[in-house]
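Hello,

Here is the structure I promised to pass on to you. Have a look at it first, and my notes follow below.

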Amino acid sequence: MHPSNAPSNLRKPRHGDRLVATVEGFDERGRARGRTCDASGEYAVELARGVPGDEVEIEVLGRRRQALHGRVLAWTRASADRVAPRCAHFAACGGCSFQDAAYPAQLAAKARLLERTLSRAGLALGAFELQPIRPAPAVFGYRTKMDFTFSARRWIDLDEPAGAVADFALGLHPRDFHGKVIDVGRCEIQFERGNHVLRTVRELCRELDFAPWDVVRHTGFARHLVLRESRATGELLANLVTATEEPERMATFARELLRRAPAITTFVQNLHSKPAQAALSERELVHQGPGFVRERLGETEFRLSSNSFFQTNVAQAEALLETVVEELAPGGDEHVDDLYCGTGALGLNLARRVRAVTGFELVEAAVADARATAAANGIENATFVAGDLAHTLVAEARPAGEPTLAVVDPPRAGLHSKVLAALIVRAPRRIVYVACHAASGARDAAELVTAGWRLVRVRPLDFFPHTPHLETVFTLERTG
Ligand SMILES: C[S@@+](CC[C@H](N)C(=O)[O-])C[C@H]1O[C@@H](n2cnc3c(N)ncnc32)[C@H](O)[C@@H]1O
């Protein structure tokens with residue numbers, strides 16, 4: 001009897017049962033998704049790890065309707081796309097989910113996931129052009145910026161000898177476990193020189209007895225280490241985020257750090273005393289260098305300080321810029337609204353191709369960087385509005401004529417309803433929407449379709465190999 005015809009009174013899988021499952025793909029959190037069946041029916045399976053094509057024996061940990069959550073006990077057949085992960089921390093780390101899958105298989109799984117996401121948002125496949133994913137130029141060492149966390153609670157692997165240091169770590173969070181931090185010796189996806197700086201900072205913090213931040217007690221001194229390298233100039237910025245200032249100890253730290261890691265061109269300290277766990281800043285102190293690095297994207301040289309957003313895979317950001325320019329297809333006389341403009345990476349490169357650009361951005365430091373970049377590059381037709389777009393876009397007068405084009409590049413949550421409403425009122429002829437979370441982009445694109453735009457094309461680009469993330473560019477044209 002086919003399981004789907006099985007009588008409903010048969011006992012369904014429950015905690016502790018063992019079944020064989022086939023892995024089919026990934027979900028957007030980076031978990032493996034597959035299928036299994038027994039006499040009672042067919043079930044979707046969610047596993048922490050697995051490569052499409054793997055056949056695995058699982059232990060059921062839980063069930064919600066027809067979906068099982070399980071743990072892999074053994075591989076009964078390894079997928080042909082399985083490869084050896086390069087990273088020593090792969091088993092525990094939440095940074096990379098798919099280092100054990102060959103890159104083409106990662107892209108195929110991401111493409112299937114994107115199709116599902118678009119359909120779920122009500123965007124009918126076939127009604128617009130969906131291009132294949134543009135692969136990343138490099139699959140290791142591609143991140144030009146990394147944020148490492150200090151913790152007084154180190155993640156300890158099961159096979160570690162007893163007595164290892166447990167109260168100091170500098171690295172990344174384990175998957176699904178934000179209370180602890182893996183002491184990362186080397187990160188395979190960050191720029192190579194970052195690994196030397198990471199090790200040096202750890203060594204120095206240990207020598208100088210810097211207490212790592214404790215997320216439960218809210219005590220400690222060292223909180224984050226943020227590293228940024230410029231691909232264009234080789235300049236390297238190191239940013240130590242601390243809970244308090246401690247000028248004397250920091251002067252010693254800065255002196256030693258620059259001696260042991262002379263590649264650092266700027267060393268800054270950012271103060272963050274509040275409990276929230278992010279590399280936020282209440283004040284920045286520049287210990288060495290100009291306080292920023294100079295990076296090049298397109299035809300523009302950018303000034304990037306520690307708190308400004310800039311794409312972290314700069315090589316692939318070139319491809320994104322190229323895609324945005326092609327999709328926006330400016331004729332030369334348009335006004336472009338650049339929403340969520342960051343340091344102006346897209347807008348400042350568009351400014352040379354249009355009449356005027358208005359960039360909108362929340363973070364003051366990013367706006368300051370954007371203005372300085374415009375001045376340094378002789379760009380006079382770009383203006384920037386600082387503040388929350390939910391307020392600034394409504395308040396900003398529409399330029400004479402109309403804002404004929406818009407670039408939209410929001411954070412993962414997508415457009416705030418007030419921003420979406422204000423964008424509809426401004427009525428740009430074409431909207432190029434860059435989504436770092438395809439589900440939010442697809443939801444907003446569907447809203448814009450309802451409001452009178454036509455979805456013309458979707459162009460995905462892979463910025464982050466080995467992770468479930470994808471940048472997706474939606475092109476919409478006003479129909480009326
Ligand atoms: C994905 S980044 C895009 C940056 C830029 N387009 C680029 O390519 O470098 C999103 C930006 O939106 C900004 N942002 C987040 N929330 C905002 C808000 N409510 N209003 C304005 N900007 C916001 C962030 O500071 C960040 O710079």
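This is a predicted model: local features need pLDDT of at least 70, side-chain atom pairs count only at pLDDT 80 or more; totals for chains, interfaces and linings use all residues.

Let me start with a lining: Thr144, Arg228, Glu229, Ser230, Val293, Glu295, Leu304, Phe310, Gln311 and Val314 surround the second largest cavity. Two elements, β10 (222–229) and β14 (292–297), each give two or more residues to that lining. Sorted by class, the lining of the second largest cavity has four nonpolar, three polar and three charged residues. The space inside comes to about 40 Å³.

How many cavities of 30 Å³ or more does a search of the whole structure find? There are two, and the largest cavity holds about 150 Å³ of space. Its lining is made of 13 residues, and those closest to the centre are Glu28, Leu113, Ala438, Pro468 and Leu470. Both α1 (103–120) and α9 (438–450) supply at least two residues of the lining of the largest cavity. The biggest contribution is that of α1, with four residues. By class, the lining of the largest cavity has seven nonpolar, three polar and three charged residues.

Strand β7 (residues 145–151) pairs with β10 in the antiparallel sense, and five bridges join the two. Within this pair, Lys145 stands opposite Arg228 of β10; Arg228 is also one of the residues that line the second largest cavity. With strand β8 (residues 169–172), β7 again pairs in the antiparallel sense, over three bridges. There, Thr149 has Gly171 in β8 as its bridge partner. Is β7 mostly covered or mostly uncovered? Mostly covered: five of its seven residues are buried.

Finally, there is a barrel. Five strands close into it in the order β1-β2-β3-β5-β4, and the pairing is mixed. From one strand to the next, the twist averages 50°. In general, strands of a sheet pair through backbone hydrogen bonds, either parallel or antiparallel.

Happy browsing, and do write back with any questions.

Best wishes

Conventions:
Residues are numbered from 1 along each chain as its sequence is written. Side-chain values use heavy atoms; hydrogens and water are left out. Two strands pair if DSSP finds at least two bridges between them. Axes are lines fitted to C-alpha atoms, for helices over the stretch in contact, and angles run from 0 to 180 degrees between N-to-C directions. On a 1 Å grid over the protein atoms alone, a cavity is a set of points where a 1.4 Å probe fits but cannot get out, and a pocket is an open set with protein on both sides within 12 Å along at least five of seven lines; lining residues have an atom within 4 Å of a point. Grid points are joined across faces, edges and corners, and a volume is the space filled by probe spheres set on the points. Ala, Val, Leu, Ile, Met, Phe, Trp, Tyr, Cys and Pro count as nonpolar, Asp, Glu, Lys and Arg as charged, and the others, Gly among them, as polar. Buried means under 20% relative accessible area, exposed over 50%, partly exposed in between (1.4 Å probe, protein chains only).
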